[in-house]
Amino acid sequence: MSHIAYIEVGSEEPLEKAIKRFKRMVEKEGIIREWKKREFFEKPSAILNRKKKALERKRMKRQRKLASMKSY
């Protein structure tokens, strides 16, 4: 997955504003997050464990939320 991020800078637009716009675009598209995720090799078993733990955390959070709603 290759992203090419670019913006067009108007002749009257300040450079600082263009840089901010570029940073927002890169953040919105998740380019930095994707790069950090792929920076180092991760074994398939490690990926599976990370996903299972995330799923468990999500399930526990949902249970806590439901339990707090029932106590009202």
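pLDDT is the predictor's confidence in each residue, on a scale from 0 to 100.

**View A. Confidence along the predicted chain.** The protein chain of this predicted model averages a pLDDT of 90, and 93% of the residues score at least 70. Helices here are DSSP runs (H or I, at least four residues), numbered from the N terminus.

**View B. Helix 1 and the glycine after it.** Residues 15–29 make up helix 1, whose 15 residues reach 21 Å from first C-alpha to last, close to the 21 Å expected at 1.5 Å a residue. That expected span is 1.5 Å times one less than the number of residues. G30 follows helix 1 with a positive phi, near 75°.

View C. A salt bridge here is a side-chain nitrogen of Lys or Arg within 4 Å of a carboxyl oxygen of Asp or Glu, and the count comes to five. E34 meets K37 at 3.9 Å, N to O, and R38 at 2.3 Å, N to O. K37 lies three residues from E34, and R38 four. Residues three or four places apart point the same way, because an α-helix has 3.6 residues a turn.

**View D. The bridge between E42 and R50.** These two side chains meet in a salt bridge of 3.0 Å, N to O. Salt bridges that share partners also join E34, K37 and R38 into one network.

Residues are numbered from 1 along each chain as its sequence is written. Local features need pLDDT of at least 70 and side-chain atom pairs 80 or more, while totals for chains, interfaces and linings use all residues; side-chain values use heavy atoms, leaving out hydrogens and water.

Methods. Helices (H or I, at least four residues) and strands (E, at least two) are DSSP runs, numbered from the N terminus.
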